[in-house]
Amino acid sequence: MKITAPHLGNVYLAAKALFDGLEIDYIMPPLSNKEALEIGSLYSPEEMCLPFKIMIGNYIQAIEKGADTVIITGSCGPCRFGEYCELQINLLKKLKYNLDFIVIDAPRDIGIKELYNRINKLSSQSSKSKYQKLKVLTDAKKVINLIDEIESEAHYLAGYEKVNGQCKRILNSCKKEALKCNSPKEMINLLEGYKDSLSSIEIDKDKNPIKIAIIGEIYTVIEPFSNLYIEDKLMDYGVTTSRKLTPSWWVKDMILVPTKLNSLDIKKGAKEYLNLGIGGHARECIGEAVLAYEEGFDGAIQIFPMGCMPEIVSKAILPTISKDKDFPIMSLVVDEMTGEAGLVTRIEAFVDLLERRRRYALSWS
């Protein structure tokens, strides 16, 4: 068994730490790129959303390197992600690829026994003791927490740094070096070092940068290739950004779902406009928009793939929030035809709008 997994933001670092720690044979596909998208677009149904197509590209690139088993998380509700594994299995079979899928789904949907069987199918490949396996799992969780914290801090401090581009360089170097680590402990030590480096950079406290919240569908918000590296671009413009949806947030939220104590602040923020879950992360998108306004952000950017049903509902609600709160919100729809030049033009225009609004407000204060 040679395991692989599709890319989703920083998850690949936690997956590497997990598989290295368990000493399981794995194949990591190249970071999502144009070639993966071209492969996925070639073989996927035209109407399928962007995440599906990129994942197919990830799989095929990994298969070509010897992968024969895919581990992927499941979902339920109206979002098509819940059907990804079945659709992808059928598609790959038609392409004469015989892949085994291990779907890690919520216990309430498949039962505790079935979840244990699926996890055991993976962990049985390791010769480690139960205690060692638990320790490795804990270390992998620490890795995803650390890298998400580093990324979040870098995106926030980018608007305050004295040396332009320093946060971006530290973040990119951190991810590059983490890939070279051969054990969970080595990766954790490296990430903790980079976290200290980031916290010690020189910042200008007198700066008052434009602050933008990144909201929307979880894959296109978290996976940088799918949104054409929008957060990197905003860092280059000296903009401070914040994104609540991260892999570590998703893990915590999933664990707390049975208790109904998950994301209470987001649910409270969304209550006035969308008081129930409709699939995907539509309610989170609405709640995050309201929280961004309450936290003093200048605006928000919603990102979602063409055809995403939950986010289409969110997009219809966001203009009401924007009007009620006098809070600018821009929606970006991405697919394989999205051009970088057009996206950059819209981002620059939005940042310019926020700057002009601030100058206008100051002139009347």
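Which strand and which helix each supply at least two residues of the lining of the largest cavity? I started my notebook with that one, keeping in mind that the model is predicted.

**Entry 1: the largest cavity**

I found that strand E1 (3-4) and helix H1 (11-22) each give at least two residues to this lining. H1 has the largest share, with five residues. I looked up the volume next, and the largest cavity holds about 110 Å³ of space. Its lining counts 15 residues, and the closest to the centre are Ala5, Tyr12, Ala15, Met28 and Pro29. Sorted by class, I noted twelve nonpolar, two polar and one charged residues in the lining of the largest cavity.

**Entry 2: the other cavities**

How many cavities of 30 Å³ or more does the structure hold? I counted three. The second largest cavity has a volume of about 60 Å³. Strand E4 (211-216) and helix H14 (282-294) each supply at least two residues of its lining. Among the lining residues I wrote down Ile214, Arg243, Glu288 and Phe297. The lining of the second largest cavity divides into six nonpolar, one polar and four charged residues.

**Entry 3: the second largest pocket**

Helix H7 (130-157), helix H8 (166-178) and helix H11 (230-236) each provide at least two residues of the pocket lining. The largest share, four residues, belongs to H8. By class, I read ten nonpolar, seven polar and eight charged residues in the lining of this pocket.

**Entry 4: the largest nonpolar core**

Which residues touch the most other members of the largest nonpolar core? They are Tyr59, Phe101, Ile212, Leu234 and Ile301, out of 42 residues in the core. Helix H3 gives the most to this core, namely eight residues. I also saw that domain 1 (3-127) and domain 3 (209-364) each contribute at least three residues to the core.

**Entry 5: a closer look at H3**

Is H3 mostly covered or mostly uncovered? I found it mostly covered, with 14 of its 14 residues buried. Then I checked its length: H3 runs over residues 50-63, and at 1.5 Å a residue its 14 residues should span 20 Å.

Definitions and conventions. Residues numbered from 1 in each chain as written. Predicted model: local features only at pLDDT ≥ 70, side-chain atom pairs only at ≥ 80, totals over all residues. Heavy atoms only, no water. Expected span 1.5 Å × (residues − 1). Buried < 20%, exposed > 50% of the residue type's maximum accessible area, 1.4 Å probe, protein only. Nonpolar A, V, L, I, M, F, W, Y, C, P; charged D, E, K, R; others polar. Core = buried A, V, L, I, M, F, W, Y, C linked by side-chain atoms within 4.5 Å. Domains from an automatic or database assignment. 1 Å grid on protein atoms, 1.4 Å probe; cavity = no way out; pocket = protein on both sides within 12 Å on 5 of 7 lines; lining within 4 Å. Points joined across faces, edges and corners; volume = space filled by probe spheres on them.
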